[in-house]
Amino acid sequence: MAQYELLLPKMGESVAEATIIKWVKQPGDRIDLDDTILEIATDKVDSEVPSPVAGKLVKQLFKEDGIVQVGDVIAIIETGDDEVKPYVAEQTQVMPYLIREQEVLQVESSAIPGITQLANETLQSSDRFYSPLVKNIAAQEGITLPELESIQGTGADGRLTKDDLLKYLSTNRATAPAFGGNQPSTRFQEPKAQESSLSTPAISQPSSPVQASKPVQPLASVSGGDEIIEMDRMRKLIAEHMVMSKHTSPHVTSFVEADVTNMVLWRERVKKNFEKRENEKITFTPIFIEAVTKAIKDLPMINVSINGTQIIKKKDINIGMAAALPSGNLIVPVIKNADQLNLVGLTKSVNDLASRARMSKLKPDETQGGTFTLTNVGSFGNVMGTPIINQPQVAILAVGAIKKKPAVLETEFGDVIAIRHMMFLSLSYDHRVVDGALGGSFVK
């Protein structure tokens, strides 16, 4: 009998480790091809690891809640084959929660003072393993190697996890200088996922140089007839990350009311032929995304992110769109280089991502790299909303329900009142870098 060594699969760029949430199969259990063996969680997405072979699970090499490095052997599967070889599972099933995107850490290390120095120093001078995320957080906070090694870790073999480092920062380094310099601290905020029905997930971002003290949450009273529901893992991430985004960015929201009659009538006229020709249903979402990409081309400073006191102007236009999940939560798949797609391409991308999001089949890379987010609050019947910014982006657009209204039209024969299709658009933006002139001009 041969044995397969099942390795922890790579889950996307900058992901070096994962936490085992649950072992679905136990030692001695029979395993069929593509059966789920265990569930894992990373900083970006939750996934199921399937079996590449049929056989019997012989041994689990890590316990639940254990932290595993990418490429580690996590299980031994006994098969009837004669050949023994390791296997890296492909990620075929993703159980998405709201993505926490470490976009600020994807900037080349040379652009962030201290990161290269700390990474090299750590690799050359320390026998202790530090994940890329831990090293980047430490570099942003100006933590030296001796200080890093003095922090007690709770991971496997005493390894320092990001939670250990963030806890240390919150309790021991409340006034630590950013990047090891003399400028005010840009406290690194732990990225947590978030979502409400009116907004899209906030993504990780260093907070502004000015930090307000964390408010104390009042205790809630409970009566005998109340039902107490413990938040699940996803909801906890949502709650924490929503608060993080509000603490990070001073939010301002601008509104306009748009006459979209021509758009509505055009879609109504072409949708049947469009579906017959392209085998795709055209919704309003790809039309909105096309309009957003054109506006970004005209006003590119809305397509930026913030790293401390640096403004990172994005070359690519990657539009995130909120998609509802059967669980009631939302996830934000990203259409990469949306400005390079025509309306047919945008329609196919929107339909494909939305469909696979509902079936929990998105890949981690398809929820990363967004530079601007669109959320359709009109799908809930709302006429407008004030969405929360999708960190580390600086703006998010909410489109409301399209309603027929009487409106004043200016004609060559004078003003008339007509029934028009009207819609509110609301843009929330980060007032640290986007002023009213830019935000208002963009949404207009």
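Contact here means heavy atoms within 4.5 Å.

One caution before we go on. This is a predicted model.

Let me start with the overall picture. The protein chain has 444 residues, and 50% of them are buried. Its secondary structure comes to nine helices and 21 strands. Take the contacts between residues at least 6 apart in sequence: 67% of these join residues at least 24 apart. The accessible surface is about 21,800 Å². Carbon and sulfur atoms account for 51% of that surface.

Now the inside. In soluble globular proteins, nonpolar side chains tend to be buried together. Here, the largest nonpolar core has 44 residues. Which of its members touch the most other members? They are I302, F372, L397 and L427.

Next, N303. It sits in the loop between α7, residues 284-298, and β12, residues 304-307. Buried or exposed? N303 has 1% relative accessibility, so it counts as buried. Leave out residues up to four places away in sequence, and N303 touches I296, I312, K313, K314, D316, I317, T371 and F372. F372 we have met already, as one of the core residues that touch the most other members. Two of the N303 neighbours also pair with its side chain through polar atoms. The backbone oxygen of D316 lies 2.9 Å from a polar atom of the N303 side chain. The side chain of T371 makes a polar contact with the side chain of N303, at 2.6 Å. Then there is G370. N303 and G370 are 67 residues apart in sequence, yet their C-alpha atoms are 9.7 Å apart in space.

On to charge. How many salt bridges does the structure hold? Nine.

First on my list, R356 and E366. Their side chains meet in a salt bridge at 2.7 Å, N to O. R356 lies in helix α8, residues 343-358, and E366 in the loop between α8 and β18, so the pair ties together parts that are 10 residues apart in sequence. Both R356 and E366 are buried.

Next, R432 and D430. The closest N and O atoms of this salt bridge are 2.7 Å apart. D430 is buried, because its relative accessibility is 0% and the cut-off for buried is under 20%. R432 is at 26%, so it counts as partly exposed. While we are on salt bridges, some of them share partners. Those join D352, R356 and E366 into one network.

Then R277 and E278. Here the closest N and O atoms of the salt bridge are 2.9 Å apart. R277 is exposed, with a relative accessible area of 56%. E278 is buried, at 19%.

Let me return to D430 and R432 from another side. S249 touches both, along with I389 and Q391, again leaving out residues up to four places away in sequence. S249 is in the loop between α5, residues 233-248, and β11, residues 251-259. Its relative accessibility is 3%, so it counts as buried.

Q391 takes us to the backbone. Most residues other than glycine have a negative phi, and most peptide bonds are trans. What is the peptide bond from Q391 to P392? It is cis, with omega near 5 degrees. P392 lies in the loop between β18 and β19.

M384 is found in that loop between β18, residues 372-376, and β19, residues 395-399. At 34% relative accessibility, M384 counts as partly exposed. Together with F255 and V383, M384 forms a nonpolar patch on the surface. The three have about 230 Å² of accessible area together.

Last, phi. D34 has a positive phi of about 75 degrees although it is not a glycine. D34 is in the loop between β3, residues 30-31, and β4, residues 36-41. At 52% relative accessibility, D34 counts as exposed. D65 also has a positive phi of about 75 degrees, and D65 is not a glycine either. Where is D65? In the loop between β6, residues 55-60, and β7, residues 67-69. D65 is exposed, with a relative accessible area of 64%.

That is my tour.

Key: Residues are numbered from 1 along each chain as its sequence is written. This is a predicted model: local features need pLDDT of at least 70, side-chain atom pairs count only at pLDDT 80 or more; totals for chains, interfaces and linings use all residues. Side-chain values use heavy atoms; hydrogens and water are left out. A nonpolar core is a set of buried Ala, Val, Leu, Ile, Met, Phe, Trp, Tyr and Cys residues joined through side-chain atoms within 4.5 Å. Buried means under 20% relative accessible area, exposed over 50%, partly exposed in between (1.4 Å probe, protein chains only). Helices (H or I, at least four residues) and strands (E, at least two) are DSSP runs, numbered from the N terminus. Accessible areas come from the Shrake-Rupley method with a 1.4 Å probe; for residues, only the protein chains shown count as cover. Patches are made of residues with over 30% relative accessible area and no salt bridge: like charges are joined within 9 Å, nonpolar side chains (Val, Leu, Ile, Met, Phe, Trp, Tyr) within 5 Å. A salt bridge is a side-chain nitrogen of Lys or Arg within 4 Å of a carboxyl oxygen of Asp or Glu. A polar contact is a pair of N or O atoms within 3.5 Å; within protein, one must be able to donate a hydrogen and the other to accept it, and residues adjacent in sequence count only if both atoms are side-chain atoms.
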